[in-house]
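My notes follow in the order I checked them.

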Amino acid sequence: MTAIAPGPAELLHRLRARSSSAEQSPITHVERVTARTGRVAEWPAWTGPDVRESFARQGIGAPWEHQAAAATLAWQGSHVVLATGTASGKSLAYQLPALTKLAADPRATVLYLAPTKALAADQLRALSRLGLDGVRPATLDGDTAREEREWVRQHARFVLTNPDMLHHALLPAHSRWATFFRRLSFVVVDECHAYRGVFGSHVAHVLRRLRRTATRYRSSPTFILASATSGDPAGSASRLIGAPVTAVTEDASPRGAVTFALWEPPLLPAEPVEPPTFIPASRSATPQVHSSGPAHDPSRSLDRPSGRDPSHGLDSDLENSPPVRRSALRETADLLTDAVVSGTRTLAFVRSRRGAEVVASIARRSLEEAVPGLGSRVAAYRGGYLREDRRAIERALISGELLGLASTNALELGVDLAGLDAVLICGWPGTRASLWQQAGRAGRAGGEALAVLIARDDPLDTYLVHHPEALFGRPVEATVLDPANPYVLGPQLCCAASEAALTEADLELFGGEAARATVQALVAEGMLRERPSGWYWTERGRPDVDLRGTGGAPVQVVEAATGRLLGTVDQGSSHVMLHAGAVYLHQGVTYVVDDLDLEDAIALVHPEEPDWTTHARDVTDVAVVAVRSYVDAGPVGLFLGEVDVTSQVVSYQRRRLGSGEVIDTRPLDLPARQLRTVAVWFTVSPRALAAAGVEPADFPGALHAAEHAGIGLLPLMATCDRWDIGGLSTANHPDTEAPTVFVYDGHPGGAGFAERAYATATAWLQATREAIASCACEAGCPSCVQSPKCGNGNHPLDKPGAVKVLDTVLAALPRDLPAALPPDLPAALPSE
Ligand SMILES: [Zn+2]
Ligand SMILES: [Zn+2]
């Protein structure tokens, strides 16, 4: 193996030296990911000669094995998903059969779907570069001008678009697109792991509508899906398109060697007298941090991916309790400083824009103190900068003028920036796909690269830095979606009916029994009308369905004095985040809410920097509506079913910044909210708990702590984050008559997360137990059992008790849980 290039080697040495001086080393693991030489295959015999030549002109002499395997499956008519690493050349796997088909049959067409406009534009450029005659590729999105759309409809044979356009434009106007649909041979679904949760469930039905429309025009396109590596790519892809899909997962592309270190910031001394070594510095360098309390990672409350539950704002909850560990931002800044001192070209990924600025400014200052002039070789980089500025920064980094860059994942997509020596990843980026995408930025030809994952104060981060096998072994997280969600199914069936009357045969495609029941309900509501020939949409216009909606109009946050719209918060979170008196953070600026008008969905705010933060308290009730499936394990029961969650925000606390001291508690007058959703829950008999050594008085704290950690660890199993799910624990629940922990999907009708938790319960609860047990804190901290979104002020919490609860549950549950879930695959289209 090649030796580590001098830069990274020197850096790793420095990090080790630094860590050995600490009482407990922050380096929890070092993994050497060895280089892999690529394995090429012959061009498949069916490859069109012109297609092969155009690839050759691009410098592609032969495909990698996985590309050839996936392409051949598709060519033979099997739906296929290619789930391999970043930069493993997934495009070629679908370009090969698609372009060969277009060349062989001058009438054939191809539809390509990307989750973002940028990706579709990227693919268009790649196709154009191939320079093949007669392909006429074109993008179609919200920005496409009317005349251009007309041209695309009439002439393009390779249409690049997104699920929203398909849903809003192509399918409703299918008769105008009849020729295109009639000749449709392939449908490419790129980055299909992006279709998860409620959005993914909607897209699953859009694709079913597409398949139904194609069938009506007597075509039966083959689906080719590209995915990041994940737990169950074939299962997820099959659910997405509603037909069996074959997975190709063996990556045969070459890869450079990486040394991967896992880093857990050390615990601070037990009496947190503000350590003078860094806190004042942090304040002076980064005044924005001040408002959210010292030495706490402010990144968690910012830069959420759009469409996510913005209740992240609640994160500020813990920013005021005394810090337990050194902040991940601070550690990242120090590592970046070390890297630049050792001459290592390094990129630090930070989750929030503000976090990126903070890391860059701390590193710049430390470097400037060490060697005047060195500070200028570090910069921040984030979305929101002008394109030219971003290009200039990228060039400076590649040329070596800049040695360190602290960036949000704005760099993650699209930009080709390789050749760095080291990558620092501040906090688990959410999925393994993102982790490898970020780590993949490190590595120069012939050299070896270094990547460091720095854990934030979070149970999942804690678990991962102590369980490297979860990062470097087989992936377990799966992309989940739930096409049976009635809140998705109903509107989608209306869309389908408005495109063409639904028939008995269609119901199979849309989910069988669930679809039948939903259609009947829609008939009863007068949305659909039943006739001998099928079910018809009754209204004149089309159903108004937003694929990315999460139920209810979002609440607009408006600055009262200027009328300026600052942003939106989804309804589900508005009571907690935007109640009158709430302190609301927006891009680093602090506002206080004057009034929340639920009727008009508007919150009026004014800028103010009080020296307290606010913490909503809510009262939540869970009522079991129906049990779908359960495991009876003696003293322990494990359940999956529908529940009604009723929650009411009743008051809020004002807490002093810094100390977390409670100033007062103020009542609120907000209506209760109802959520019908899907939950997983377990019960433990009081006798079993007592036998495990949990005193009855400690039941609530033990269960509550187990619930928090369980929610924190679920993203290990399913691509969700803790903001997608909620929980409730109680020492005696009226419906179960036992100590119970509920974990539920935070979206009406469920999004598949609870279902995945149920299906992987043993692994999930085992990981939860490990995360709690391996945290070195005394009585519980944000890295294990505290939750930033607790509606109960993180009280009571019993950390040792939680381990006992989980041990009891795990000991009782059978080793092999029955594969509880039906495969959920509708039969193939009857006419196919
Ligand atoms: Zn802890
Ligand atoms: Zn709680």
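**Cysteines and the metal site**

I searched the whole structure for disulfides and found 0. I keep in mind that this is a predicted model.

Next I looked up the zinc ion (ligand 1). Which residues coordinate the zinc ion? I found Cys-775, Cys-777, Cys-781 and Cys-784, each through SG, at 2.2 to 2.4 Å. Along the chain, these donors follow the spacing C-x1-C-x3-C-x2-C.

I then checked the geometry. The angles among the 4 donor atoms run from 100 to 117 degrees, and the site of the zinc ion (ligand 1) is tetrahedral. For reference, I noted that the ideal angle for four tetrahedral donors is 109.5 degrees.

Cys-781 counts as buried because its relative accessibility is 0%. Cys-784 is also at 0%, so I logged Cys-784 as buried. Cys-777 is at 9%, which is under the 20% cut-off, so Cys-777 counts as buried.

I also looked up Cys-426. At 1% relative accessibility, Cys-426 counts as buried.

**A helix pair**

I turned to helix H19 (residues 486-499) and helix H21 (residues 513-524). Their axes come within 10 Å and cross at roughly 70 degrees. That angle makes H19 roughly perpendicular to H21, because 65 to 115 degrees counts as roughly perpendicular.

Which residues meet between the two helices? From H19 I listed Leu-489, Gly-490, Leu-493 and Cys-494. From H21 I listed Ala-514, Ala-515, Thr-518, Val-519 and Leu-522.

Most residues other than glycine have a negative phi, and most peptide bonds are trans.

I found a cis peptide bond from His-795 to Pro-796, with omega near -5 degrees. Where does Pro-796 lie? I placed Pro-796 in the loop between helix H26 (761-774) and helix H27 (799-812).

Then I checked phi. Arg-136 is not a glycine, yet its phi is positive, at about 45 degrees. I located Arg-136 in the loop between helix H5 (117-130) and strand S4 (137-139). Its relative accessible area is 38%, so I noted Arg-136 as partly exposed.

Glu-737 also has a positive phi without being a glycine, here about 55 degrees. I found Glu-737 in the loop between strand S26 (725-730) and strand S27 (740-745). Is Glu-737 buried or exposed? Glu-737 counts as exposed, because its relative accessibility is 67%.

Note on methods. Residues are numbered from 1 along each chain as its sequence is written. Chains are lettered from A and ligands numbered from 1 in the order in which they are written. This is a predicted model: local features need pLDDT of at least 70, side-chain atom pairs count only at pLDDT 80 or more; totals for chains, interfaces and linings use all residues. Side-chain values use heavy atoms; hydrogens and water are left out. A disulfide is a pair of cysteine sulfur atoms within 2.5 Å. Buried means under 20% relative accessible area, exposed over 50%, partly exposed in between (1.4 Å probe, protein chains only). Donors are N, O and S atoms within 2.8 Å of the metal (3.2 Å for Na, K and Ca); water is not among the atoms, so sites may look incomplete. Four donors count as tetrahedral if all angles lie between 85 and 135 degrees; four count as square planar and six as octahedral if opposite donors are over 155 degrees apart and all others between 65 and 115; anything else is irregular. Axes are lines fitted to C-alpha atoms, for helices over the stretch in contact, and angles run from 0 to 180 degrees between N-to-C directions. Helices (H or I, at least four residues) and strands (E, at least two) are DSSP runs, numbered from the N terminus. Angles under 35 degrees count as roughly parallel, over 145 as roughly antiparallel, 65 to 115 as roughly perpendicular and the rest as oblique. Contact means heavy atoms within 4.5 Å.
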